[in-house]
Structure formats: structure tokens, C-alpha cells
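User: I have a model open and want a quick tour. Can you walk me through it?
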Amino acid sequence: MSQPTATETNAQGSPAVPAKRFRGLRMPRMQEAGLLVVILLLGLLLTFAAEPINVRGHTVNNFFRIDNIIPNVATPMSWMAIMAIGGTIVIVGGGIDISVGSIFGMAALGTAAVLQNFSPDASPWIVLPVAIIVPLVIGLICGLINGALVVGLRMHPFIVTLGTLSIFRGIALISVPSKSLPYGDKSLPDAFISQFMSWQFTIQRANAPPLLLQPVPMIVMLLCVIAGWIFLNHTVWGRETYALGGNEEASRFSGLPVSLIKLRVYALCGLAAGIAGMVSTGYFGSANTATGEGYELVVIAAAVVGGASLTGGRGSALGAVLGALIIKMIENGIYILKEIKLGVVTLHLSKEYSKIIIGIAIIVAVAVDRLSEYFRTKRLGKTK
Amino acid sequence: MRKLTTVLSALLIVAVVATVHGAEKKKITIGLVVKSQSNPVFQACYVGAKDAAKELGPKYGVEVVIDWQTPPDEDAQKQAEAIEQLARGGAQAIAVSCSDANTCTPAINKAIELGSVVMCCDSDAPRSKRMCYYGTDDYSCGQRVMEELAKVMDGKGTIAILAGNQTAPNLQKRVQGVKDELAKHPGMKLLPDGVFHNAETPEQAAEAINTAQSTHPEIEGWAIIGGWPLFTKNALKWAPGTVKAVSVDALPAQLGYIRSGHVATLYGQDCYGWGYKSVEILLNKLVKGENPPQERVIDPLTRVTRENVDEFAKNWDKWLKK
């Protein structure tokens, strides 16, 4: 899943046409391969560092077991990864959206607010279209608002989305006086919850406790990766996004509809946050006014760790998912390891460490990106 | 021969050590997922759970490990993830204080399906399949606050209620408790529109109570159903004793208001007990197979006044391990 880079499109003089033989083309593939190596090494480290545990009479490795990797890592990373794909599209286009957590929260609350009015055993033919359309429309509208403000006011996207982060959260707080939905004795329809998004199947195992899996969030995530990959790599709109992120001025002079592209990337980011909100509401069967608070940091971290360049023009949907996977593995590792012995010093890990590690991951990823950019520029100089 | 004896003795010692090691106590892991690490009431809860593990473990003939998986700040989704992780990681029991009952309920039910025993403390998830709840009864908490306020105001005067978040169901129950108890005291009345809601941060709560008092000087007593303003210093801008007040919660920062005379009585919730008692209830279930006597085990509020404030303060030294 390689994709063109802005550098290569600029080198061609036409941002919409990729240069297939350009050397920079190999870079993203290397980036994703590098991420896979990191994931593999992290997995090995956690497997060897994790102490064996006893689960209902069976001794198993605390990390490397299907009961941990799928339900505790892959499933809860789904909504983060979906948002990270949207976040990556914006970053590729040279922008940033820090309001994704609030859009996610609004979409989740909107879905719960509408669905709680249905009977718990309402028909899936009525429930599912509503459950899918409502969060997607909310996400899309929020994304369009962000895009319109960035384009219309010509303001820095960080400032615009910082403002909308607060506005969207405020709207959620005002609109849901009960702070948590479904309200009172109401519940969300089974057609969306237990029969769809949190549908569960059990695998009975001879020498282990039964395995309970909820695969739908992961399936939605995979569909989003495929959609993101097609958009960025196989559509003109995707190529335009890379071109815009690589050099906005060059794109404008090349006749690209810069404003429209910007509007589009923010709309898609909002849409992705809406999908993630739908998945989360279906998985947890509820939403509250704090849903999604602080998620923007994880989403941007996943995108950046996944190879998206904050200066624009580089990034991929697969990279975003791999970035989210690395972050979730780190979080899970902190849970699994609990303490690390460094000679005479024992470091007791707790959930707070994940914030430090995510912060470090962002800085390291950006530093690596800068370094690779430096070497690429140097190499380009030599080829000239 | 001597060598043989030495070798045999050594082997015997090794065998005995191995047997003792092999006969290690059964290990029970109890997960503790409360609302947030930053709130001192939950630090006390954690200390309570650890003390219970240390003290009750030998009594029950088991080794108890407390697995503290509380999010740094309130986040119901993180709580739900932690509950599921604990259950899949083999925790035999979990005690939960739900930031949002709706979000935690499916995770609690899943943990039960995976074989863990789950109970709630402090904040309940009544629609889940949890074994029981241990915490405050909000309605009677409101009643007790009003009963005490009536006592300190000699059954007469105008009162107001500092009520926190308007939509929190537990606070609504406390307000109702205050109102119903107030109706039993004919010499007392609630200021018209005298229920003052506030954002539940110390600063905003302090601002709310002082604004209300300065605009309605006829208020002679306050029923503070959550001790938010009392986390700040000098929150009550009136001379001690001129306006009477009774409040819920008795954390270290709040005890100063009893000493200064601004607040007549505090009703302390059993935050240490949320941990200690929960571990006890769970061990009873896991080791002895005994269920708690009721589905809702109500925490007896502790009445703190000037007479017992110093004695009560010592509890915090233990609860927060000072």
C-alpha cells in the first residue's frame, strides 16, 4: 500500500500526476515496513517481558494470547484507528484537526439520543439505517463546518479546530441535560447493539476458558482502511490532497481547486469521526458528554507515528492504523507489565505512563520524519 | 557416611521447602476500577482495599492481590476497557465505581460472563448483573443533612440548598431527601427558588454559594449536599456561626470548616470502606460462597462535628497513608 508523495508530484511539475520512477516512491513502503518491524519487536518484547498468568486454572502468557490481543488491543483500537485515518487525510492535505474527539462525542451522543426512542426489539431494517446515517451526517456536518471556517476565514486550522473542539463539546453538554444516554430506563435497540456492533460469538476451547469475540468494530475499521487507501492512492481527489499538502502555492498555480480540496479533507475527517462515534456507541451501548474527551491527542499521535508528516504531503491509511496499533500495544503493555525492573530500581507502571509514552512517540516520530526529510533533500540535491 | 547424611539432609530440606512452596496459598486477584486516581476519596478507597487484602487474606487462607486499574481522570470508556481487561486477565473479582453506569454496564455483564464476580461501590450500575452495591443511600443522605440543619437552627429559619449538577440522579435524590425532611419542620422554609445548582468544581461552587448568599441575605442556613466549595480555602465569606451550614463529605480540606465554625456538621462517606468492605464482600463470595445480606449494602455516614473532628482527622492519616 504505497502512495505518492508530494515531493514526487512537485518534481513532476504537475501535482495531480505521480512520477512512477521517482525514488521517493519507495519511502512510504519502507515506512510501513518499518512500522511492521516496530510492531513485531514490541510484540516480542511484551511477550518475553510479560509474566505468565493463571486464567481460571490455565497458565498462559499475559500478552501473547488471543484473549488479550483481539479483545484488549485490536477491538478497542478500532474507533481510534478510524479517526486516525480521517486525521491522516487532513494532515496529508497540510492541515490539522484537533476537534475530532468532540466530533466523535457529538456523533456518539446524537446516535444514542435518536436510538433511545426506538423500542429495544425494533426491527433492524428501521434501526440500522438510522444508526448509521445519524452519526455520519453529524460527523460530516461538523467536518464541513471546520473546512468552511478554514477556507472562509483563511485561519490556521489549529486555531479553527481548537475553537470548534470547544464549541462541539459545549453543544453536546447543552443538548444532553442528563449527561449520559440512554436516559433513565431506556436502552438502545438490540438490532444495533447486541445483534450488530457488539455482536458476540463464543469459541469453546478444550484447555482454556471460552473465547468471547466481538468482531464488528474491527471489520468496520478494515473497511475504513480500504476506503482510505482507495481514496488516497487510487483517486484524483487523493492525489490532489497529496499535492495540496506538499505545496499549496504550487497546487494553486497548477489550477487545483485548493479551497474545495481543503473543504473535502475536513469533511472526510469529520465523517471518519462520525463513523468512529457510531462504532463506539454500538460497542458500549451508550454515550456520555465526556465521550471522546482527549482523544485528539491519541488520534494525532497515531497518524504521526503512522508516518503522516505534520508539514503535509505524506501519510497513508494503513500507516494510521499501524500507528494506532502501536499506541494501543503500548497502553496494553503498561497494563500487562505493571512493573519493570531496571537493576536495583523497579519502575511501577500505571496508566499515567501511557500519556508520557504517547507524548514521546509523537516527538520521536516527528524527529524521524524531519531527519528523513533532511536526508531526502540532501539526496535530491545530489541527483540534481 | 557423614557425607551421605549431609546429602540426605540437604535433599530433605529441599523437599520440605519445595513442599511448603508448592502448598502456597491460593492467589485471588481483585480488580479495583473506581472513577479517578486524582480524587482523594478514591485514594482512600485504594488504601482500604490494600489494607483489606493484607488483613483479611490470612483470615480467609488466601493471598489477595489488588489490581488497581483506575483511569487517571474520569473516563467511563477507559473504565469499561479496564473491566474487560481484568476479566480476561483472570481477575476473580472486580469492584467498580461507575463514572457512567450506561457505559460500564455492558462491560460488567461481559466480565460476569467471563467468570469474574463484580460488585459496585460508591456509584452503582443498577441495570447490570453486578452482585451488589456498597455505598451511600442518597435519599437518606439528604434527609440526614436536613435533619441536622434543623437541629443546629433550632427548627426555624430560611434555608437554601447547594445542589451541584442539576441532572445528576444521585444529587436529585439528595435534594428530594432534603425537601421531604424540611416539610417535617414547620418553622423552617426553603427560600423561593432556593435550590442553587453549580458546576462541581471547588472554585465554581464557592462562587455560587457566595453569590447566592450575598444576593439573598435572608438565607440563614445551607444544606450543602456535596462538599465541593469546601475544597477551597475561605470559600464561605461570612462570619462563622452567622449562617449555619451542614455538608456532605468530610475530606481533610473540609475539616477546617468545622474547626473554624463555618460548618456545624459534615457527613463523611465511607470512602476507605468502599475499598475495604468491597474486598471483604468479594472474599466472602469467592472463598465462602456467601452473598451479601442485601443487594444494596448501605454505607453508614459518619457524623463529624467539632467534638470529634480531630479524632476523625486521624482516620485520614491512615486512609491516605500519611
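Predicted model: local features only at pLDDT ≥ 70, side-chain atom pairs only at ≥ 80, totals over all residues.

User: How many helices and strands does chain A have?
Analyst: Chain A has 14 helices and eight strands. Those are DSSP runs, numbered from the N terminus: helices are H or I with at least four residues, strands are E with at least two.

User: What share of chain A is buried?
Analyst: Buried residues make up 48% of the 384. Buried means 20 or more other C-beta atoms within 10 Å of the residue's own, exposed means 12 or fewer, and partly exposed is in between; C-beta atoms are placed from the backbone.

User: Now α3(A). What does this helix span?
Analyst: Helix α3 of chain A, residues 66–92, spans only 34 Å between its end C-alpha atoms. A straight helix of 27 residues would span 39 Å. That expected span is 1.5 Å times one less than the number of residues.

User: Where does α3(A) bend?
Analyst: At S78(A), by about 45 degrees. The bend is the angle between axes fitted to the seven residues ending there and the seven starting there.

User: Why is α3(A) called largely enclosed?
Analyst: Because 22 of its 27 residues are buried. Just after α3(A), G94(A) takes a positive phi of about 85 degrees.

User: Which non-glycine residue of chain A has a positive phi?
Analyst: R154(A) has one, at about 50 degrees. R154(A) sits in the loop between α5 (124–153) and α6 (157–175) of chain A. R154(A) is exposed, with 9 other C-beta atoms within 10 Å.

User: And in chain B, what is phi for D193(B)?
Analyst: Near 55 degrees, again positive in a residue other than glycine. D193(B) is in strand β7, residues 188–197, of chain B.

User: Which residues does the cis peptide bond join?
Analyst: L181(A) and P182(A), with omega about 5 degrees. P182(A) lies in the loop between β3 (180–181) and α7 (193–197) of chain A.

User: Switching to the interface. How many residues of chain B are in contact with chain A?
Analyst: 22 residues of chain B are in contact with 28 residues of chain A. Contact means C-beta atoms, placed from the backbone, within 7 Å.

User: Which element gives the largest share of that side of chain B?
Analyst: α3(B), with seven residues.

User: What does L263(A) contact?
Analyst: Leaving aside neighbours within four places in sequence, L263(A) is in contact with L144(A), G147(A), A148(A) and V151(A). L263(A) is in helix α11, residues 258–284, of chain A. The C-alpha atoms of L263(A) and V151(A) are separated by 7.0 Å, though the two are 112 residues apart along the chain.

Key:
Residues numbered from 1 in each chain as written. Chains lettered and ligands numbered in written order. Contact = placed C-beta atoms within 7 Å.
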